Every structure is written in C-alpha cells, then in structure tokens.
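This report goes through some local features of one protein chain. Please keep the sequence and the structure in view while reading.

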Amino acid sequence: MEEKILVIDDEMHIVELLKFNLEVNGYIVDYSLDSFEGYHKAKELKPNLILLDWMLPNISGIDVLKKIREDEDLKDTPVIMLTAKNMERDKVKGLEEGADDYITKPFGIKELLARINSVLRRYNMTTNKVEDVLTVKDIRMDLIKHEVTKKDKKIDLTIKEFDLLKLLLQNKGKVLSRNFLLDKVWGYEYFGETRTVDVHIRYLRKKIENDGEKYIETIRGIGYKIS
C-alpha cells in the first residue's frame with residue numbers, strides 16, 4: 001500500500017521540491033501552505049507521516065504539533081519538523097513537544113528520504129506488533145499465558161487446536177484455505193492431506209461450540225473462517 005505524506009509549509013518552492021521527489025519515490029503527497037488548513041487536512045487525510053515547517057503564518061509549526069499530539073485521531077501520526085532553526089535548544093523543544101525527527105533547511109533530498117524511511121519503519125514496527133490477546137464473541141485467547149477461555153471458563157486445547165484457533169482469530173473475518181492452514185500449522189514439510197485440517201477443526205468445534213453457539217464457518221470447497 002502506498003504511504004501518504006502531508007507537507008505543511010508556506011514556501012511553495014519547498015513544497016514543489018518535496019512533492020516531486022516524494023512522488024518519484026512512490027509516496028502519495030498532499031500539501032497545505034497554511035497551519036490551520038494543514039491541521040484540518042491532516043484530520044481529513046489521516047496521512048502516514050507529516051512534514052511540518054516550524055515557521056508558519058497564523059500559528060507556528062510547534063503549536064500545530066501540539067494540536068496534533070492532543071488530537072485522538074492524529075496523536076500517533078509520525079511528524080518530522082522542517083526548519084531553518086539550527087540551535088540545539090530549538091531541536092530539543094521540537095522533540096519534547098512530540099516530533100519524531102528534525103531536519104534543518106537547506107536539506108538534501110537523500111537525507112530527508114532516509115529520515116522519512118527510518119521514522120516510518122520505526123512506526124510500522126510499533127503498530128504491527130502482534131496482539132497478546134485475541135477475542136471473538138465470548139472466546140478469549142491469551143497468547144502470553146497460552147490459554148483459551150469461554151465465558152471465563154478455561155478450554156483445554158491440544159497444541160494444533162490452539163494454533164489453528166490462533167490463526168483463525170488473527171485473520172478474523174477472512175476465509176483461510178485448507179492448504180494455507182495446513183502449511184501454517186503443520187509446516188511445509190508435512191505431507192499429510194488437507195483432511196487433517198478438517199479433522200482438527202471438527203475437534204476444535206466440539207470444544208468451543210459445545211453450547212450450540214457457532215464460531216467457525218465452513219466455506220464449501222475453500223476452507224474456514226471465524227467471525
């Protein structure tokens with residue numbers, strides 16, 4: 001998926017330079033020349049990253065940054081400050097207010113691209129963390145404790161049943177083919193038939209659907225999903 005970058009800077013020649021180079025490198029770019037418009041555009045677009053100039057008309061980039069960090073929808077959006085200010089105290093202030101990085105003008109495009117890649121990589125590593133607890137309806141799987149409960153009562157599962165249920169929960173709402181489940185749970189070195197998956201799904205259903213509540217849906221000719 002292409003990542004969106006919002007540039008908030010009142011110098012059009014800087015905006016044009018950034019837009020051209022970022023688009024050449026595969027980013028979707030939008031911009032604003034005004035701090036108020038930039039903030040509202042950020043709320044509308046929900047970009048993957050914001051390049052924010054410090055010296056903006058109306059309110060400063062630092063004040064825009066504060067509003068971003070106070071906004072529930074934007075508070076986790078990575079922000080790189082662009083500025084001619086090169087004093088250490090200014091850099092520290094920007095970072096203390098929540099900037100993820102800081103680059104001074106004039107800057108080289110290669111350096112800026114490297115900083116953008118670094119910030120996005122850190123952000124994606126943080127947001128893509130595997131959840132410790134997976135749920136569907138009244139079933140709860142705790143990956144740390146390796147425990148499954150239904151209505152707070154523990155369900156005893158074999159290792160393969162646990163792994164099957166985990167895979168279904170991690171892909172809730174998606175149809176997973178028998179071959180996919182076989183590869184992920186039993187491994188590529190396993191030479192059994194996909195019927196193995198059907199047998200374990202049947203065992204799993206007996207344990208989690210023992211009160212008539214349905215969780216696992218069979219998609220004829222394809223596989224299974226949980227939703």
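The model shown here is predicted. In it, the side chains of Lys 105 and Glu 11 are joined by a polar contact of 3.0 Å. A polar contact of 3.0 Å also joins the side chain of Lys 105 to that of Asp 9.

Lys 105 sits in the loop between β5 and α5. Lys 105 counts as buried because its relative accessibility is 17%, and buried means under 20%. Leaving aside residues up to four places away in sequence, Lys 105 touches Asp 9, Glu 11, Asp 53, Leu 82, Thr 83 and Ala 84.

## Backbone exceptions

What kind of peptide bond joins Lys 105 and Pro 106? The bond is cis, with omega at about -5°. Pro 106 is found in the loop between β5 (101-104) and α5 (109-127). Most peptide bonds are trans, and most residues other than glycine have a negative phi.

His 146 is placed in the loop between β7 (139-142) and β8 (147-150), and Lys 151 lies in the loop between β8 and β9 (153-155). His 146 has a relative accessible area of 45%, so it is partly exposed. Lys 151, at 53% relative accessibility, counts as exposed.

## Buried and exposed residues

Is Ile 80 buried or exposed? Its relative accessible area is 0%, so Ile 80 is buried. Ile 80 lies in strand β4, which covers residues 79-83. Not counting residues up to four places away in sequence, Ile 80 touches Leu 49, Ile 50, Leu 51, Leu 52, Asp 101, Tyr 102, Ile 103, Arg 115, Ile 116 and Val 119. Ile 80 and Leu 65 are 15 residues apart along the chain, and their C-alpha atoms are separated by 9.8 Å.

His 40 belongs to helix α2 (residues 35-45). With 51% relative accessibility, His 40 counts as exposed, because the cut-off for exposed is over 50%. The C-alpha atoms of His 40 and Val 79 are separated by 15 Å, and the two residues are 39 apart along the chain.

## Helices α6 and α7

Helix α6 (residues 159-170) and helix α7 (residues 178-186) have axes that come within 10 Å and cross at roughly 125°. That angle makes α6 oblique to α7. The crossing of α6 past α7 is right-handed. On the α6 side, Lys 160, Asp 163, Leu 164 and Leu 167 take part in the contact; on the α7 side, Phe 180, Leu 181, Lys 184, Val 185 and Trp 186 do. By class, the residues of this contact are six nonpolar, no polar and three charged.

Asn 171 is located in the loop between α6 and β10 (176-177). Asn 171 has 16% relative accessibility and so counts as buried. A polar atom of the Asn 171 side chain lies 2.9 Å from the backbone oxygen of Leu 167, which is also one of the α6 residues that meet α7.

## Contacts with helix α8

Helix α8 (residues 195-208) packs with α7 at an angle of about 80°, the axes being 9 Å apart. The two helices, α7 and α8, are therefore roughly perpendicular to each other. In this contact, Arg 178, Leu 181, Leu 182 and Trp 186 of α7 meet Thr 196, Val 197, Asp 198 and His 200 of α8. The contact of α7 with α8 has four nonpolar, two polar and two charged residues.

How far apart are the axes of α6 and α8? They are 10 Å apart, and the two helices pack at an angle of about 85°. That makes α6 roughly perpendicular to α8. From α6, the residues in contact are Lys 160, Glu 161, Leu 164, Leu 165 and Leu 168, and they meet His 200, Ile 201, Tyr 203, Leu 204, Lys 207 and Ile 208 of α8. Sorted by class, this contact of α6 with α8 has seven nonpolar, one polar and three charged residues.

Notes: Residues numbered from 1 in each chain as written. Predicted model: local features only at pLDDT ≥ 70, side-chain atom pairs only at ≥ 80, totals over all residues. Heavy atoms only, no water. Axes fitted to C-alpha atoms, helices over the stretch in contact; angles between N-to-C directions. Helix = DSSP H or I, 4+ residues; strand = E, 2+ residues; numbered from the N terminus. Parallel < 35°, antiparallel > 145°, perpendicular 65-115°, else oblique. Left-handed = near helix turned anticlockwise from the far one by under 90°. Contact = heavy atoms within 4.5 Å. Nonpolar A, V, L, I, M, F, W, Y, C, P; charged D, E, K, R; others polar. Buried < 20%, exposed > 50% of the residue type's maximum accessible area, 1.4 Å probe, protein only. Polar contact = N/O pair within 3.5 Å; in protein donor to acceptor, adjacent residues only side chain to side chain.
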